[in-house]
Amino acid sequence: MRHTPDAVMLFAAGFGTRMGALTKARPKPLLSVAGKPLLDHALDLTDAVKPTKTVVNAHYKHSQIEQHLAERDVFVSIETPKILDTGGGLRHALPHLGDGPVYTGNTDAVWHGPNPFDMLRTAWQPEIMDALLLCVPRAQAIGYTRNGDFFIDDDGRLNRGPGMVYTGVQILKTHGLRTIDKSVFSLNLLWDKMDAEGRLYGLTYPGTWCDVGTPEGIGLAEAMLDEQNV
């Protein structure tokens, strides 16, 4: 038994500034791709791991997120008056997630291939891992324009560098969040601690992944999904 997580945290609090005018009236997670909000694409993927607890954080236009999820068994963790970044946001939601490891996911990507959460569940080894990040080769990262985030060594450990692209989906042990003396901080701070202890791992995604961070990303994601359905 690998003690897989039973809780999911989806990040939906950001301002979506790269989307320009598209996010003036609504938050980015509610923008539609292939006829479905980005947030729903992410939630549908989490069904594969049958979470008993699902939390979505919200800040920018948070009332729209709350209204959208009103009929679903999802807790909305409101960050106010300020946005808390990924680390601060996850720590803020811990009372609703429990003390065990959690799945986390961003809500601004679309996938073509195996279910990412299911892949992580299968590969999770808590006896050696404090985090398992799903990464994709740069050539399979559609709409992504930077140089990558990590290298994965022969043992599966992650090292910082311009190689694989972090997809925004992971399994993470959360106890280390309580040792960080900041209210607003990135999960990078926790990853750095895990990396120093040799417990930060990565898994390679075999399909394609589309970053939907810009208006152009919407069209790229829809084209990718059309390809999938051919």
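Biologist: Let's start with L200. Is L200 buried or exposed?

Modeller: This is a predicted model, and in it L200 is buried, with a relative accessible area of 3%. The cut-off for calling a residue buried is under 20%, so L200 qualifies. L200 belongs to strand β13.

Biologist: Which residues does L200 touch, beyond those up to four places away in sequence?

Modeller: Its contacts are A131, L133, F150, G156, R157, L158, W191, M194 and D195.

Biologist: W191 and M194 make me curious about α5. Which residues of α5 are buried?

Modeller: They are L190, W191 and M194. Looking down the axis of α5, you find these buried residues within an arc of 100 degrees, so they line one face of the helix.

Biologist: What do the buried residues of α5 pack against?

Modeller: Their partners are the strands β8 (131-136), β10 (150-152), β11 (158-160), β12 (165-172) and β13.

Biologist: And where is G198 found?

Modeller: G198 is in the loop between α5 and β13. Its phi is positive, near 70 degrees. G198 counts as partly exposed, at 24% relative accessibility. Setting aside neighbours within four places in sequence, G198 is in contact with I128 and R157. G198 and L158 are 40 residues apart along the chain, with 8.6 Å between their C-alpha atoms.

Biologist: R199 comes next. What does the side chain of R199 reach?

Modeller: It reaches the backbone oxygen of P126, at 3.1 Å. R199 sits in the loop between α5 (188-196) and β13 (200-204). Apart from neighbours within four places in sequence, R199 has contacts that include P126, E127, D130, K173 and M194.

Biologist: How should I read backbone angles in general?

Modeller: Most residues other than glycine have a negative phi, and most peptide bonds are trans. That gives you something to check exceptions against.

Biologist: Which residue has a positive phi although it is not a glycine?

Modeller: A34 does, with a phi of about 55 degrees. A34 is in the loop between β2 (32-33) and β3 (36-37), and it is partly exposed, with a relative accessible area of 47%. D85 also has a positive phi, about 65 degrees, without being a glycine. D85 lies in helix α3 and is partly exposed, at 38% relative accessibility.

Biologist: Where is the cis peptide bond?

Modeller: It joins T80 and P81, with omega at about 10 degrees. P81 is in the loop between β5 (75-78) and α3.

Biologist: Now for sheets. What is the order of strands in the open sheet of 3 strands?

Modeller: The order is β7-β14-β9, and the pairing is mixed. β7 and β9 are at the edges with a single partner strand each, so one side of each has no neighbour in the sheet.

Biologist: In what sense do β7 and β14 pair, parallel or antiparallel?

Modeller: Strand β7 (residues 109-112) pairs with strand β14 (residues 208-211) in the antiparallel sense, over 4 bridges. In contrast, β9 (residues 141-142) pairs with β14 in the parallel sense, over 2 bridges. You can follow this at C210 in β14: C210 is the bridge partner of V110, and I142 stands opposite C210.

Biologist: How does one find empty space in a model?

Modeller: Rolling a probe the size of a water molecule over the atoms shows where empty space is left.

Biologist: How much space lies in the largest pocket?

Modeller: About 950 Å³. Of the 38 residues lining this pocket, F11, K28, T86, N106 and D108 are the closest to its centre. Elements giving two or more residues to the lining are α3 (85-97), β6 (102-106), β12, α5 and β14. β12 gives the most, with 5 residues.

Biologist: How many cavities of 30 Å³ or more does the structure hold?

Modeller: There is 1 cavity of that size, and the largest cavity has about 40 Å³ of space. Its lining residues include L10, A42, N106, W111 and V169. The elements giving two or more residues to this lining are α1 (38-46), β6 and β7.

How values were computed:
Residues numbered from 1 in each chain as written. Predicted model: local features only at pLDDT ≥ 70, side-chain atom pairs only at ≥ 80, totals over all residues. Heavy atoms only, no water. Polar contact = N/O pair within 3.5 Å; in protein donor to acceptor, adjacent residues only side chain to side chain. Contact = heavy atoms within 4.5 Å. Buried < 20%, exposed > 50% of the residue type's maximum accessible area, 1.4 Å probe, protein only. Arc of directions from axis to C-beta. Pairing = 2+ DSSP bridges. 1 Å grid on protein atoms, 1.4 Å probe; cavity = no way out; pocket = protein on both sides within 12 Å on 5 of 7 lines; lining within 4 Å. Points joined across faces, edges and corners; volume = space filled by probe spheres on them.
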